[in-house]
Amino acid sequence: MTDKGDDGAVPGTPRGDASPWQTAGRPVGPDGGTPAGPDVGVPAPPAPPALPDDESGLTGALEVLRARLGALRLPLETTGVDAARTELRRSTDQLDDYLLPRLRAQKAPLLVVVGGSTGAGKSTLVNSVLGEKVTQPGVLRPTTKAPVLVHHPLDARWFSTDRVLPGLARTTASGGANGGAAPGGTAPAAPAEPSRTLRLVPSDALPRGLALLDAPDIDSVDTANRELAAQLLGAADLWLFVTTSARYADAVPWDLLNQAAARKAQVAMVLDRVDPGAEATADDLRDMMVEHGLPDSPLFVIAEGELADGMLPEDGVGDVSRWLTGLGGDADARRRVIAATRDGVVDSLVVRAGDLADAADEQEAADVRLRHVVDRAYADAVAHVAAATSDGALLRGEVLARWQDFVGTGEFFRAVEEGIGRFRDAVGTFFRGRPKEAPQVEKAIAHGLESVVLDAAEEAAERSYQGWRGDAAGSALLEGLELSRTPAALRAEVGEQIRGWQGDVLGLVREQGESKRGRARALSFGVNGLGVALMIFVFASTGGLTGIEVGIAGGSAVLAQRLLEAVFGEDAVRRLAVQARDRLRARIQAVMDGQAARYTAQLDALGSAEAGGPGLRTAAAAVASAASAERRSRAGEAEAAAGSAASGPAASGQDLVEGRGLRGVRAKAAGTGPVDGRGDLTEQPARKGFWKRLFGDGDR
C-alpha cells in the first residue's frame, strides 16, 4: 500500500503534526496511556477545559434563525427554487438534529455516522469492529433500511430521548442481528415505517463517549432512504465514510463529500475491498480527497478477504478499531472534533441562510410581478368601462331608441328651441303626464352597461391568464383552476351593481330635489325621469360617435342637460354628474377587484408577498456575530488552560476506556492494505501536514 506521506493519509503512518482526532487511533495501554512501540506518537497535549457555556448567546441566535427558516416559504416556481427548497429542508434538519442539540448538551457522546454507497460494506464494518452483529447486512438493495445507533450502555440516556434526531422514533434492542428484547423483556414492535425509526443498540465494546450510527445507503433506490442518509450525515459529529475500490470515484458520494468539505465537517474515509496489487487505488483516492478539500482526513484501507461468520478479519479492521478506541478514550480529541464540526456547520448555515434569503427575495419579486400582471389587466378594464360611459358610446342602439321614446321628438324639442320659459312649462307637463316610460330607458341603460362591463372583465381575465401562463411562477398556479374565463355568476353580480348605481343616481336626484323647495311638485312626478336624464348626461360626451350618430346622441345629451338645468340649475347639474360618475366607477372597480382576486387570492394563500428575506439575513448576521464571540471566549479559556497546564503536571489527555474493547484493537497492524514493496510504512519519515505547511510550525 502506497503511503501518500504528504497528507498522512494511510493509518499506521502517524504524523507528528496531526491533530488529536487524527492520531487518536493509537492503541491504549492498560493504564490508559499510550504504550511504547512503533505506533507511539508525540505526547498528547494537556486536555483543555470543557467547552464554555454559551455566554455569547449563540444558542439563542440559532433558535431565532431556526424560527425564521421555519417561517420561510418558497411556494413559487422561481429560478433555482428546487435547490433552495432542498437546502431549506437540510438546514432546518441540521439545526434540529444536530446543531441545537449539540449546543444544549455539549458533553453528549461524539456521534460517528457510518455512511457510504450501496453495498460498500458499512454494516459489515460496524459488526466487525464491534465483534457482534448489531446491524444486518444483506444482498438485497437497499440493504440498511432502519438506521442503527450503537452506544455504550451507560450512554443510553443521551440517545433515548429526542435530544438528537427528534424526528425519528426510537426502538431498543439487545444488540442481536434480529433485534432483541426491549427493557422489561418485551420484544420491540416492528415499526410501520422502518426508514423513520432509529434502533438503539447498547454495546460494551464501544468506549463511553462514542457512538456509531449505521446509516442507509446514500444512493439507495428508495428516495426516503437517500434523504434519511443525508439527514443522518448532517447530524454527525464525524463521518466515517465507506467506499470500495470499484466505486470510490462515483459522483453521488463526492457530492456529499463536497458538502462536507464546504462546511468543514470532520471526515474519515474507509476504502474497502482492495485487491492485492491495487495500491494505485488508494493513491488515487487520496489525490481525490486532496482535490476535493479533504487533505487532512484519515484514510483506512481494508484488503479484500474472506468473511468469517459475516465479519472481516481482525487484522483487517484493526486500524479502524484502534483509531476509534483512541478517539473514544481521548476527551481532548473528541472535543476538538465536536468543536470543528460544529463551527463548520454554523459557518455553513450563515452562508446558506444568505442564499435562502436571496431565494426569498426572488419569491417576493415573483409575487410582485404576477400581481402587476393582474392589476394592470383589471385597471385597464376599469379604464375601458370609464371611457365607454363617458364618450357617448352607450348612446346608441336600444338606449338611444328608448330615450327618444321617452322624451318624444315633437313639441318637447320645439320647446327647447323656443326658450327656457317654454321649456320649463314643457318639463312640468312632461313629468306630470309621462313618467311611466322612464323604466324602459333604465333597462336599456342597464343592459348596455352590463355588456360593456362583462366584455371588459372577460378581456382582463384572458390577459391575466396569458400573463401568468408565460411566467413559470404563475403557470404552476393555474393548474386545475378555471381562470381564463369569467365565472357564470359574474353577470348576476354586474347586474346587481348596475341596479345599485341606478338607485344611487335616483337618490342623488331626490336629495338635490329636496333642497329645491320650489321644484318639489315637479320632482314628485319626475324623480325617475330626472334620474334617467342624469344617466344620459353622464354618458353625454360625443367622443367615439360618427356620422349621424353625433347629431342624434349629441342632441339627446343636450336635451338631458337642459332638462336637468331647468330643474336644478347649471352648477348643481355639474356636481350631480361628477357624483354619479364617481359612484359608477366605484361599483365597476368593486366588480373588477373581485375578479382580480380570483388570481391574487392564489398568491395570498401562499404568503409569497412576505417570504422573509430581510428577517432571515438579520438572523444570520446575529448568528455570525454570536459565533465569533463564542470562539473568542473559547480561545481565551483554552489559552488560560494551556498556561495553567504548563506550570503543573502533564496530563495524558486520555479517558478511562471502559468495556471489553473493539475487535481487532490488539491485532497486528497489518490491515493497511496490500503490500507495495516499500517496506514498513511506520518507519518512513513523516512530512509536515497541510496546516503546518500553510501556516508554519505553530500549533494548528
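**Reading a sheet and its aromatic pairs**

The protein chain of this predicted model has 21 helices and 8 strands.

Me: What makes the pair of Trp-239 and Phe-241 count as stacked?
Reply: The ring centres of Trp-239 and Phe-241 are 6.3 Å apart and their planes make 25°; since rings pair if their centres lie within 6.5 Å, and planes under 30 degrees apart count as stacked, both values meet the rule. It is one of 4 aromatic pairs counted in this way.

Me: How do you know whether Trp-239 and Phe-241 are buried or exposed?
Reply: The relative accessibility of Trp-239 is 1%, and Phe-241 likewise has a relative accessible area of 1%; because buried means under 20%, Trp-239 is called buried, and so is Phe-241.

Me: Why is the pair of Trp-468 and Tyr-599 called edge-to-face?
Reply: With 5.2 Å from centre to centre, the rings of Trp-468 and Tyr-599 qualify as a pair, and their planes stand at 80°, which is to be set against the rule that an angle over 60 degrees counts as edge-to-face.

Me: What does the pair of Trp-468 and Tyr-599 tie together?
Reply: Trp-468 belongs to helix α14 (residues 438-469), whereas Tyr-599 belongs to helix α19 (residues 570-606), so the pair links parts that are 131 residues apart in sequence. Trp-468 has 0% relative accessibility and therefore counts as buried, and Tyr-599, also at 0%, counts as buried too.

Me: Which strands stand at the edges of the sheet, and what makes them edge strands?
Reply: The 8 strands form an open sheet with mixed pairing, in the order β3-β4-β2-β5-β1-β6-β7-β8. Its edges are β3 (169-172) and β8 (299-303), because each has a single partner strand, so that one side of each is left without a neighbour in the sheet. On average, and with direction ignored, neighbouring strands of this sheet are turned by 25° against each other.

Me: How much of the protein chain is buried?
Reply: Of the 700 residues in the protein chain, 50% are buried, while the chain exposes about 30300 Å², of which carbon and sulfur atoms supply 52%.

How values were computed: Residues numbered from 1 in each chain as written. Predicted model: local features only at pLDDT ≥ 70, side-chain atom pairs only at ≥ 80, totals over all residues. Heavy atoms only, no water. Phe/Tyr/Trp six-rings, centres within 6.5 Å; stacked < 30°, edge-to-face > 60°. Buried < 20%, exposed > 50% of the residue type's maximum accessible area, 1.4 Å probe, protein only. Helix = DSSP H or I, 4+ residues; strand = E, 2+ residues; numbered from the N terminus. Pairing = 2+ DSSP bridges. Axes fitted to C-alpha atoms, helices over the stretch in contact; angles between N-to-C directions. Areas by Shrake-Rupley, 256 points an atom, 1.4 Å probe, with all protein chains shown as cover.
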